Amino acid sequence: MSTTRSPSTLPEGLAPDAPGPTGSQDQSEIFNGTAQVGALKDSRSRDGNDVRDVPAFVFGEELADLADVDPRVVVLTADLARANRANDFAARHPSRFVNVGIAEKNMISVAAGMASCGYVPFAATFASFAALLGCEQIRTDCAYPRMPVRVVGHHSGMSMGFYGTSHHSLEDLGLMRCIADLTVVCATDANHLRAVLRASLDHPGAMYIRLGRGRDPEVYPEVPTIEIGTAVRLREGTDLTILTTGTQVRACLDAAEQLDAAGVSTRVVDVFTVKPLDVEEVLAAARDTSAVLVVEEGNVSNGLGTAVGEVLLEAGTTGVRFRRHGVPDEHVPVGPPAALYAHYRLDADGVTAVAQDLLR
Amino acid sequence: MQRTTEAGTTEARPAAAGGLADGAAEQDQRLHEHLRDRARFIRTETVRLARIAGAGHYSSVFSAAELLSVLYYDQLRIDPGAPRAPGRDRVVLGKGHIAIGLYPVLANLGYFPPSDLDTYTRLGSPFGDHPDMKKVAGVDFSSGSLGHGLSIAAGMALAGRLSGLPYRTWAVLGDGELCEGQVWEAAMTASHYRLGRLVAVVDANQLSIDGFVSDVMAVEPVEERFAAFGWQTCRVDGHDVAALRACFRSLPDQDDGPPLLVVADTVKGRGVARMELSPDWHVGNLSGQDYDDVLAELAGGLSPSGPGGTEPRTDGAAR
């Protein structure tokens with residue numbers, strides 16, 4: 001934020017965040033990956049904080065491990081091998097790595113062509129470009145012919161912070177979940193991403209895999225055993241169920257602690273598979289608790305919350321308080337990610353407040 | 001291709017049946033006659049199927065009839081008995097709307113019974129206006145959205161290299177399709193990765209839906225543009241089966257080289273005078289006497305010089 005601009009001149013509804021550099025978030029690793037580059041003497045030269053304890057992307061590393069034993073695995077990217085750490089894969093399997101340059105639509109179609117010949121391609125780029133720019137290629141070349149392409153959209157939601165709307169993907173879940181024959185999965189953290197990648201190998205048909213920015217706080221201390229299509233109940237509760245996915249799971253777990261302390265027994269479910277939705281788990285939420293809150297990092301239109309609402313309404317659910325919580329139907333302001341999460345009440349405090357609103 | 005039995009007939013492939021006494025030139029002549037006959041078959045079947053549907057892409061098939069004939073009846077290394085064989089040559093129809101002309105070929109080659117085509121476009125049929133690889137044996141990739149095909153084909157060529165299989169991948173594109181930016185993304189990918197077993201054939205039939213491509217959005221000079229993208233290029237009369245065959249056979253067949261472009265100069269609607277270079281027949285519907293007249297016009301195949309209006313437009317705009 002400019003130091004010449006006082007908080008009083010902020011657009012209505014915006015609260016000031018701490019000025020840099022001490023309060024800033026690293027936004028350079030988005031493009032460079034978390035690997036150290038160059039020979040900088042102070043780690044803070046690239047980052048307001050020490051990055052050494054940040055959970056790195058394990059995307060390339062895990063796929064390289066899988067490729068050691070599965071000859072079908074190939075990886076494509078569109079000039080973002082550093083950002084998504086596909087370069088870790090390329091270093092170990094150079095002949096099975098394809099970088100098409102800044103050509104995302106082409107990347108997805110090339111992947112589909114490879115898939116038609118027996119390969120399982122993972123095609124990764126920023127979620128905004130994978131899902132929005134490549135939407136039609138995903139539908140026509142991957143989902144419709146049921147090719148085992150895994151389109152990986154990383155740095156999803158508004159995790160790219162001040163890089164702005166062009167680099168945000170608030171619409172990807174809504175777009176992807178209305179494509180037939182497409183499985184839509186969100187990775188929760190690094191260990192969960194490993195589990196998703198492993199489970200994806202033999203999953204039939206095309207998938208859209210949504211990743212955060214690679215520094216997502218840990219939810220799973222070990223690589224979990226997952227089944228695509230089956231939600232994971234992370235926390236039990238009797239008053240409120242929070243259904244959430246991907247990057248919001250940690251915030252919701254933290255919010256649940258706060259709510260419990262305030263006397264609201266809160267269940268938290270990781271609905272990592274957005275499509276096909278775990279309908280039983282959604283209905284269980286409405287049966288077991290009197291309030292259902294859906295939290296996602298994306299535009300609330302047509303996302304996970306809408307999907308849950310469709311299930312509840314069509315099941316004739318009554319007497320349950322229900323709210324979708326995410327980014328409202330607007331383009332977000334400039335800001336670092338943490339400030340944006342706070343602004344939209346998508347951090348732990350914010351989710352707690354929204355839950356209390358719902359229960360009031 | 002080895003199997004050439006037309007629906008309901010038992011004609012044998014003349015070249016294969018040719019005796020040892022035949023000279024090579026005579027064998028070639030008989031093969032070319034056969035390829036011309038298959039192009040006629042593609043056109044007449046297209047007219048027949050379009051009547052079942054009530055509408056069809058006539059003229060885009062007519063421009064590509066000789067292309068499809070030479071590809072499927074002479075060039076491709078395919079086996080209808082093993083439509084998913086890993087080592088087979090692949091074809092991606094960038095211009096998927098000529099599927100109506102491909103289906104009869106696939107049936108004729110033995111991928112499925114010709115009578116299956118009687119369901120064309122009817123509810124639940126495997127055969128729609130655009131081809132579905134999951135429903136129709138012999139279709140290597142589903143298509144219909146212009147601009148994707150060359151990327152798909154590049155992916156197939158990359159896969160062939162990775163698998164150590166020396167198959168060739170053919171992408172059949174329209175000249176109007178070259179307006180799609182993704183084509184040029186794929187063109188860069190193909191040359192960057194030196195996909196020498198990738199062949200793009202452009203059916204340069206001069207028209208897209210709204211008129212002459214040169215008027216709507218000029219794509220020429222196609223050869224020079226692809227050459228600038230690192231491709232090896234050539235240009236051929238796309239209605240001359242002998243020239244097409246010679247061109248295809250002259251192409252280098254090795255990986256790790258420049259990808260190959262064949263620009264086939266054609267006439268949209270070729271073979272039916274009222275359709276040639278007419279913007280009114282991209283999609284049409286022939287009924288009654290018109291249907292009979294067109295079938296009669298097509299019955300004899302193309303005359304060597306063709307009916308009127310068949311010369312490619314050679315004014316400055318077209319260049």
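In this predicted model, the buried residues of helix H2 of chain A are A:Phe59, A:Gly60, A:Glu62, A:Leu63, A:Ala64 and A:Ala67, where a residue counts as buried if 20 or more other C-beta atoms lie within 10 Å of its own, as exposed if 12 or fewer do, and as partly exposed in between, with C-beta atoms placed from the backbone. Helices (H or I, at least four residues) and strands (E, at least two) are DSSP runs numbered from the N terminus. The cover over the buried residues of H2(A) includes strand E1 (73-77), helix H3 (86-92), strand E3 (120-126) and H8 of chain A.

Residues are numbered from 1 along each chain as its sequence is written, while chains are lettered from A and ligands numbered from 1 in the order in which they are written. Because the model is predicted, local features need pLDDT of at least 70 and side-chain atom pairs count only at pLDDT 80 or more, whereas totals for chains, interfaces and linings use all residues.

**Chain A: helix H8 and the overall fold**

Helix H8 (residues 190-200) of chain A has eight of its eleven residues buried, so this helix is largely enclosed by the rest of the structure. The buried residues of H8(A) are A:Ala190, A:His192, A:Leu193, A:Arg194, A:Ala195, A:Val196, A:Leu197 and A:Ser200, and they pack against helix H2 (59-69), strand E4 (150-154), E5 and strand E6 (206-210) of chain A.

Chain A as a whole contains 13 helices and twelve strands, and buried residues make up 53% of its 360 residues. Two residues are taken to be in contact if their C-beta atoms, placed from the backbone, lie within 7 Å. Among the contacts in chain A between residues at least 6 apart in sequence, 75% join residues at least 24 apart.

**The two domains of chain A**

The domain assignment of chain A gives domain 1 (59-210) and domain 2 (232-359), with bounds that come from an automatic or database domain assignment. The centres of these two domains, taken over C-alpha atoms, are separated by 26 Å. Across the boundary, 23 residues of domain 1 of chain A are in contact with 26 residues of domain 2 of chain A. On the domain 1 side of this contact, the elements that give two or more residues are helix H7 (172-177) and strand E5 (182-186) of chain A, and E5(A) contributes the largest share, five residues. By class, that side divides into nine nonpolar, ten polar and four charged residues, where Ala, Val, Leu, Ile, Met, Phe, Trp, Tyr, Cys and Pro count as nonpolar, Asp, Glu, Lys and Arg as charged, and the others, Gly among them, as polar.

**The contact between the chains**

Between the chains, 23 residues of chain B are in contact with 24 residues of chain A. Helix H5 (149-163) and helix H6 (181-192) of chain B each supply at least two residues of the chain B side, and H5(B) gives the most, with eleven residues. The side of chain B that touches chain A has eleven nonpolar, nine polar and three charged residues.

**Two helix pairs**

Two packed helices are described by the angle between their axes and the distance between the axes. Here the axes are lines fitted to C-alpha atoms, for helices over the stretch in contact, and the angles run from 0 to 180 degrees between N-to-C directions.

| Helix pair | Angle | Axis distance |
|---|---|---|
| H3 (58-75) and H9 (241-250) of chain B | about 55° | 10 Å |
| H10 (279-288) and H11 (304-314) of chain A | roughly 70° | within 10 Å |

H10(A) is therefore roughly perpendicular to H11(A), and H3(B) and H9(B) are oblique to each other, given that angles under 35 degrees count as roughly parallel, over 145 as roughly antiparallel, 65 to 115 as roughly perpendicular and the rest as oblique. The crossing of H10(A) and H11(A) is right-handed, a crossing being right-handed if the near helix is turned clockwise from the far one by less than a right angle, and left-handed if anticlockwise. The contact is made by A:Val279, A:Val282, A:Leu283 and A:Ala286 of H10(A) together with A:Val308, A:Val311 and A:Leu312 of H11(A), and by class it has seven nonpolar, no polar and no charged residues.

H3(B) likewise passes H9(B) in a right-handed crossing. Its contact residues are B:Glu66, B:Leu67, B:Ser69, B:Val70, B:Asp74 and B:Gln75 of H3(B), and B:Val241, B:Leu244, B:Arg245 and B:Phe248 of H9(B), which divide into five nonpolar, two polar and three charged.
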